[in-house]
Amino acid sequence: VSTPFDRSLVPEPLLALDHEAIAAEFGTPVFVYDEHELRRRCREYAAAFDAVAYASKAFLCTAMVRLVGDEGLLLDVATGGELHVALAAGFPPARIVMHGNNKSEEELSRALDAAVGRIVIDSFDEIDRLEALAWARGTTADVLVRITPGIEAHTHEYIETGTERSKFGFTVSEGVAEAAVERVARSDRLRLRGLHCHIGSQIYVLESYARAVDVVVALIAETGVGISELNVGGGLGARYLEEDPVLDVSKYAAVVRDAVADACHERRIRAPAVMVEPGRSIAGPAAITLYRIGTVKEIPGVGTYVAVDGGMSDNPRPVLYEAGYEAFLPARVGEERDLSATVVGKHCEQGDVVVAEALLPGPVRPGELLATPCTGAYGASMASNYNKVPRPAVVFVRDGEAREVVRRETLDDLVRLDLE
Ligand SMILES: Cc1ncc(COP(=O)(O)O)c(C=O)c1O
C-alpha cells in the first residue's frame with residue numbers, strides 16, 4: 001500500500017517552511033531546527049523532574065547553550081571542549097554537570113577553577129586526581145559517583161552503557177561501587193552530592209530505568225551514605241521511524257519517580273531529588289536535515305540509489321549503529337510514495353548510507369530537495385570533514401524566521417589548521 005509521508009515525524013513549522021528559500025540562503029546540506037520545539041521539549045522535561053541537565057553531546061553550539069540556559073535547565077558536558085563552549089557562551093558554572101570517563105588534569109582543573117556545580121566521578125584514578133587538584137587549590141568539589149547498575153537497556157550495544165562490561169562508572173558487582181562511594185564519602189576534599197547512572201541511549205523500554213533505580217537505591221542503603229540527589233542519566237528514545245513509538249516524558253518521569261519512591265520506601269531511606277540528563281529526546285525531533293539530490297541511479301535487479309550532497313559526514317549514525325531514518329521530499333510531502341530507494345551520500349564508502357530503505361514519491365529527479373526527520377541529535381555534533389566535505393550550517397527557525405546560528409564551513413576552513 002502506498003501512503004504519503006507521516007507528517008507527525010516533523011514539527012509543523014519545519015514542514016511549512018519555504019525549503020527552497022532556506023536552501024538558497026544557507027546552502028545544503030543544512031540542519032534546520034524549530035526553536036519552539038526545542039524550548040517546548042526543555043519545558044516538558046523541566047516540569048516533569050526535580051532537575052534536568054541537557055546532555056550537550058547531542059547537539060551543542062552557543063545558541064543552544066543560551067536556549068538551554070534561558071529555559072532554566074542544567075547542562076551536561078563530557079569533555080573540556082564541551083565545557084569550553086558552555087563557559088564561552090556564558091552558561092552559569094554552578095549549573096554545569098561535568099562528565100567523562102577519562103578526564104585529564106587540565107579538564108578537572110578547568111572544572112574546579114570555573115567552580116562547576118557537579119563533577120561526576122568515573123574511576124578510582126579520578127578520585128585521587130580530583131582530590132589532589134582540590135587540595136592544591138584549597139577547595140572542595142561537589143561530586144556524584146557514577147554507578148554501573150548491570151542493566152541491559154535493550155538498545156544497540158554501542159550505546160548501551162549500564163552493563164557490567166561498560167567502560168563507564170563503577171560496577172555494583174564485587175563491591176566496587178560500594179568501595180568507591182565509601183572512599184568519596186571519607187574524602188575531605190570531595191563532597192558527595194549524589195549518585196549517577198546512565199544505562200544507555202535510544203531506550204524505549206521504560207522498565208529498564210526502574211530496574212536501574214532499584215540497584216542504585218539498594219547501594220545507597222547498603223553504604224548508608226546520605227545523598228541529596230539521584231541522577232538517572234539520559235537515554236529516552238526519539239521517534240526516528242514511522243513505526244517507532246511516541247514516548248511521553250511525563251510517563252517516563254512517572255516510572256522513574258515511582259521507582260525511586262518505592263525503592264526508598266522499601267529500604268526506609270529518604271528519597272533524593274531526581275535528576276535526568278536527556279539529549280536525544282530534546283534535540284533529535286526538533287530538526288531536519290535538508291539535502292539536495294544530485295544523482296538518481298537505477299541498477300537493474302538491485303534497486304535505486306538517490307544520492308544527496310552530504311552523508312556520513314553530517315550523519316554518521318547509520319554507519320555507526322545501522323540507525324534507521326525516514327526521508328521525504330519537502331515539495332511533494334503529501335504525495336503517495338511508490339518508490340523504494342536507498343538514499344546515499346557523496347562519500348567514498350559503500351556504507352555511506354543516509355536512509356537504507358526510503359519510501360519516496362517516484363520518479364525522483366536530480367535537483368529536488370530531500371529532507372530527513374529527527375536529525376537534531378548526534379548529527380551536527382558528530383559531523384566530520386571526511387573527504388574534506390565542509391560541515392553544514394545550522395539554522396534555527398522561530399515564528400517563520402530563519403537565522404544561521406552556526407555558519408557553514410568554507411573551503412578555506414578546510415586548510416586553516418595546516419601549518420605547511
Ligand atoms: C552520561 C550520559 N548522560 C546523558 C546522555 C544523553 O543520552 P541521550 O542523548 O540518549 O538522552 C549520555 C549519552 O550518551 C550520557 O553518556
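Biologist: Which residues of α7 meet which residues of α8?
Modeller: In this predicted model, Phe124, Ile127, Asp128 and Glu131 of α7 meet Val176, Ala179, Ala180, Arg183 and Val184 of α8. Contact means heavy atoms within 4.5 Å. Helices (H or I, at least four residues) and strands (E, at least two) are DSSP runs, numbered from the N terminus.

Biologist: How do the residues of that contact divide by class?
Modeller: They divide into six nonpolar, no polar and three charged. Ala, Val, Leu, Ile, Met, Phe, Trp, Tyr, Cys and Pro count as nonpolar, Asp, Glu, Lys and Arg as charged, and the others, Gly among them, as polar.

Biologist: At what angle do α7 and α8 pack?
Modeller: Helix α7 (residues 124–137) and helix α8 (residues 176–186) pack at about 5°, and their axes are 11 Å apart. Axes are lines fitted to C-alpha atoms, for helices over the stretch in contact, and angles run from 0 to 180 degrees between N-to-C directions. The two helices are therefore roughly parallel to each other, a term for angles under 35 degrees.

Biologist: On to the ligand. Which residues come nearest?
Modeller: Of the 15 residues around the ligand, the nearest are Ser201, Gly235, Glu277, Arg280 and Tyr378. A residue is near if one of its heavy atoms lies within 4 Å.

Biologist: Which atom of the ligand is 2.6 Å from Glu277?
Modeller: A nitrogen atom of the ligand is at that distance from an N or O atom in the Glu277 side chain. A polar contact here is a pair of N or O atoms within 3.5 Å. An oxygen atom of the ligand also lies 2.8 Å from a polar backbone atom of Gly235. The protein covers 91% of the 400 Å² of accessible area that the ligand has on its own, by the Shrake-Rupley method with a 1.4 Å probe.

Biologist: What is the phi of Tyr378?
Modeller: Tyr378 has a positive phi of about 60°, although it is not a glycine. This residue lies in the loop between β15 and β16 (393–398).

Biologist: And how is the numbering done?
Modeller: Residues are numbered from 1 along each chain as its sequence is written, and side-chain values use heavy atoms, with hydrogens and water left out. Local features need pLDDT of at least 70 and side-chain atom pairs count only at pLDDT 80 or more, while totals for chains, interfaces and linings use all residues.

Key: A polar contact is a pair of N or O atoms within 3.5 Å; within protein, one must be able to donate a hydrogen and the other to accept it, and residues adjacent in sequence count only if both atoms are side-chain atoms. Angles under 35 degrees count as roughly parallel, over 145 as roughly antiparallel, 65 to 115 as roughly perpendicular and the rest as oblique.
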